[in-house]
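Please read the report below alongside the sequence and the coordinates.

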Amino acid sequence: MKNKITIPAKLYTVLIFIILYAPIAVLIFFSFNSSNSTSVFNEFSLRWYTELFNDTATIKALKNTLLLAVISSIISTVLGLITATGLHYSKTKWYKKSIMTANNIPMVNPDIVTGISMMLLFIFVGTILRQSGVLGFGTMLIAHITFELPYVILNILPRFKSMDKNLVEAAKDLGCTPVQAFFKVTLPYLSAEIFAAFVMAFTLSIDDFVISYFVSGPEFQTLPIRIYSMTKKRVTPDIYALSTLIFVTVFVLLVLSNYSQNKQKRRESMNENSIKNNMKNNIKNNMKNNMKDNIRIFTKISAFLSIVLLIFSLSIPVSASSVDDYPINIEYYKNSPYRGSTLNVYNWGEYISDGAEGSLNVNVYFEELTGIKVNYTNYDSNEDMYAKIKSGGANYDLIIPSDYMIARMIDENLLLKLDYANIPNFKYISNEYKSLYFDPKDEYSVTYTVGYVALIYNTKLVHEAPTSWTALWDKRYAGNILMFNNPRDAFAIAQLILGQDLNSTNPDDWQRAYDKLLEQKPVVRAYVMDEIYNIMESGAAALAPYYVGDFLTMQENNEDLAVAFPKEGANIFVDSMCIPKTAKNKGAAELYINYMCEPEISLANAEYICYATPNTAVLEMDKYSFKGDEILYPDASVTEDYQYFHNLPAETQALMSNLWGDLKVDGQSNISTYIGLAVFAIVMIMYAIYAFLKKKHREKFYD
Amino acid sequence: MKNRTYNTISSPYALWCAIFIVAPLVIVAFYALTDKTGNFTFENIKHLSMYTDTIARSIYFGIIATVVCLLISYPLAYIFSKTKVSTQTILVMLVMVPMWMNFLLRTYAIMVLFEDTGIINNFLQKIGLSPIHMINTAGAVIFGMVYNYLPFMILPLYTSMTKLDNKLIEAAYDLGATGFQTLRDVMIPLTKSGIVTGITMVFVPSVSTFYISQKLGGGKYTLIGDVIEMQFQTAYNYNLGAAISLLLMVLILVCIAVMNKFEDTEERGMLV
């Protein structure tokens, strides 16, 4: 049976593969970039492959991912095999049917529904047991087993059906007990399917993001979750390096196993050529072999890959700068009574010096000094963080919310009072950032960073420096304007233009601000948060409001960017370290706060995240590269009328989020969607009528 | 062994299903029908009408992505099935390998490709064409869906194509059928199971995605998955989030039920 594949068919196949592999090529390409931009290629470098070894959080996430995948797939394979056996021999019809139906639910249900339903279950049980912080390794394991099991069962069950009953009977006749018969006959018969099921479970587990995202806690983060929090902020290319390594390993193994298998086949076919003359049989055998080969190859690859990755991840040394480099009171930290405990730190993404680009890895250094294990996880908005804390699903010992959120959390009794005797370094915090409105008596918070919102523009696209926020409404830049993708910051800009108080509780004010934003929508290219880095760095947009510290990071990758301080003023904010009520290790958290205020540590953070620091000792250091920087530390005359956000009353908050929802959802013209859906419905109905008529027509013939 | 013994063997899983599959759905329904203080209310359900546009858009995007996937994959799977067996193995592998690259990163890479100053537009400008605005459009979101879920369509189609006996196609031609008639009356009916599986595997994740619309849509194309994610992660309104999830679940079950009407198989369980 010779088949001709025509040239167009070949071209088509090649085209599809090009599309499939283009994004992967991009990732591999940028893993060799020397700068940390993921949009501008500077020069070839292996830098990110070395950085990968220092990225403790990523390595830890990789280990966690593999650990979870191995354990969950073993459990689900064993449990699935047992269940399949029971189901196959069971004669209770309704029982079988109801298990199979339940079994189908996780496969048909969207992942997001499975994820939130399990999260709600865990939190629900947690509330009943009066336990907070239930989310963690245990819940992840349960969730993974739950979504793997249906696939395992569906993989094994059909093979059972094709098994000759007499095989087991014969074994029993020959003196086997049923259990022996199972191990000696059934198990070997099913081995290929069991392997396939295991591999499938393993792959599903490694790949899963959505379900894990909802049921994970601070102590146990997997690689996909880590990547997600990275793509929300900016992706450090060492993740690309890691993916490239995984990808290349899989690819090489595939090629190798395919090659050896082809050789083997050629040898086999030479011997057996004479026997196999029946065409149909030949095809059938090929098919079967093919399936089996696939399974074998896949098993080999996964086994190999996991071993390689395990060895790789276990053998990675974690390097921290030597202790001498950072003159701090080592004894104070060495002798703390919290050695051996764990500390769950919940911070904004990219908001700490993490060892990248030769900086100090603040968390690793803290672990070395104190012997306290730090679980460091990220959020990307105050509201995200608030939802996690409020749900009680996870326990955190240290959080870094912004001003208005601190006010809200104090109001709702979600924060603990700090013991400032344990934080002697509080003395370094500038008086300007002590006793702020949300914490007038300095009871709950220690200021970490200070910032305000400024107008960023690209000098190549915007020729005269903007002086007002109205530039973001300017039709000349239509389609080149970015806007905040969070309601509070977005509304603030409209409110500033309208001359309103940012903390107004008057519904009419908010309504007018909404109208202003709606007016802006047609010229807005996208509502973004941290995606802004790539877009502005690559010069793809002209104007954007953002936090001034982040502007400095962007400017490092694109010198055409400049910043303006609009005349209407802006929002100023502080992010402060606080301890939530659910904290399990308050003492260690206070030690950590004190450590973060150490001048040298504070300096490392200030250099890394480019935000203004409230630490007076750092501000005086000559080696501090932003010392006296006009953008980070503008003259008091510029910032005097800048406003802090306050916690809004519940009704105003609800109004704001409803208006924001309207802006995002209802503002769009949706007519084409409905027309499209209607056309589709008509086509389907016509098809149904056609199929029905045809069936009738045919039946007439057969009658 | 007695029937009861076998039922005992599978009972741990029955228990597992009850606790970790059925109970969570009951809790979702419970949250959907209560307010923050736990009192019974229809408020959340009433609130759903606010999201009509979002739901319509999600379904519309999902349908387009599924149809595009089907149109791309059907000829491709056919080509695959016509190559030599050893080539088939390689081709199938090549379809599966990209799935080892994290899905979030692949989507992120599409962003890099599609940017106004991204790789594709740079290339277009180099060869003297005008750049195309691709990122943050509905097209980009649908491309993201098609790209990420294409393997889920190709693989089941390929499996059903390999089961297709070539002689039937030859017979159709011998009896005077045109290419289109053969496709319509022979091939499609015989590969129906693959088509249905493929459609389910693409449609369900497309309708419920939130990552793709966030990254490629630039926050302008809110889909039902985004709304759910927002209620749970940011807005802290579990009750409304649960109500929307419930709606999404019902929607998908209805779609699958309708589709199963087209493919009348009695074999499998009740849902698939």
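The text starts with conventions and chain totals and then turns to local features.

This is a predicted model, in which local features need pLDDT of at least 70 and side-chain atom pairs count only at pLDDT 80 or more, while totals for chains, interfaces and linings use all residues. Residues are numbered from 1 along each chain as its sequence is written, chains are lettered from A and ligands numbered from 1 in the order in which they are written, and side-chain values use heavy atoms, with hydrogens and water left out.

**Chain A in outline**

The secondary structure of chain A consists of 26 helices and 9 strands. Helices (H or I, at least four residues) and strands (E, at least two) are DSSP runs, numbered from the N terminus. Of the 703 residues in chain A, 56% are buried. Buried stands for under 20% relative accessible area, exposed for over 50%, and partly exposed for values in between (1.4 Å probe, protein chains only). Among the contacts in chain A with a separation of 6 or more, 75% join residues 24 or more positions apart; a contact means heavy atoms within 4.5 Å.

**Aromatic rings**

A pair of aromatic rings is described by the distance of the centres and the angle of the planes. Rings of Phe, Tyr and Trp (its six-membered ring) pair if their centres lie within 6.5 Å; planes under 30 degrees apart count as stacked, over 60 as edge-to-face and the rest as tilted. Over all chains, the search of the whole structure gives 64 aromatic pairs. One of them joins Y332(A) and Y333(A), edge-to-face, with 5.3 Å from centre to centre and 85° between the planes. Y332(A) is partly exposed because its relative accessible area is 34%, whereas Y333(A), at 0%, counts as buried.

Y527(A) and W660(A) also form an edge-to-face pair, at 5.9 Å centre to centre and 85° between the planes. This pair links distant parts of the chain: Y527(A) belongs to strand 6 (residues 524–528) of chain A and W660(A) to helix 25 (residues 650–665) of chain A, 133 residues apart. Y527(A) and W660(A) are both buried.

Two arginines lie over tyrosine faces: R408(A) over Y386(A), at 4.0 Å from the ring centre, and R488(A) over Y404(A), at 5.2 Å from the ring centre. The criterion is NZ of Lys or CZ of Arg within 6 Å of the ring centre and within 35 degrees of the ring normal.

**Helix packing**

Two packed helices are described by the angle between their axes and the distance between the axes. Axes are lines fitted to C-alpha atoms, for helices over the stretch in contact, and angles run from 0 to 180 degrees between N-to-C directions.

In chain A, the axes of helix 4 (residues 93–108) and helix 6 (residues 137–161) come within 8 Å and cross at roughly 120°. Helix 4 of chain A is therefore oblique to helix 6 of chain A. Angles under 35 degrees count as roughly parallel, over 145 as roughly antiparallel, 65 to 115 as roughly perpendicular and the rest as oblique. The crossing of helix 4 and helix 6 of chain A is left-handed, meaning that the near helix is turned anticlockwise from the far one by less than a right angle; clockwise is right-handed. Residues of helix 4 of chain A in this contact include M100(A) and N103(A), and those of helix 6 of chain A include T146(A) and L149(A).

In chain B, the axes of helix 7 (residues 138–162) and helix 10 (residues 192–208) come within 8 Å and cross at roughly 165°. This makes helix 7 of chain B roughly antiparallel to helix 10 of chain B. Helix 7 of chain B passes helix 10 of chain B in a right-handed crossing. Among the residues making the contact are M145(B) and Y149(B) of helix 7 and S193(B) and G194(B) of helix 10.

**Single residues**

| Residue | Relative accessibility | Class |
|---|---|---|
| I5(A) | 22% | partly exposed |
| S336(A) | 8% | buried |
| R130(A) | 78% | exposed |
| S435(A) | 42% | partly exposed |

I5(A) sits in the segment before helix 1 (7–30) of chain A. Leaving out residues up to four places away in sequence, I5(A) touches K10(A), I79(B), K82(B) and T83(B). Its C-alpha atom is separated by 65 Å from that of T582(A), 577 residues apart along the chain.

S336(A) is in the loop between helix 13 (330–334) and strand 1 (342–348) of chain A. With residues up to four places away in sequence not counted, S336(A) touches T370(A), I372(A) and L591(A).

R130(A) is not a glycine, yet has a positive phi of about 55°; R130(A) lies in the loop between helix 5 (111–128) and helix 6 of chain A. S435(A), not a glycine either, has a positive phi of about 50° and is found in the loop between helix 16 (403–411) and strand 4 (446–458) of chain A.
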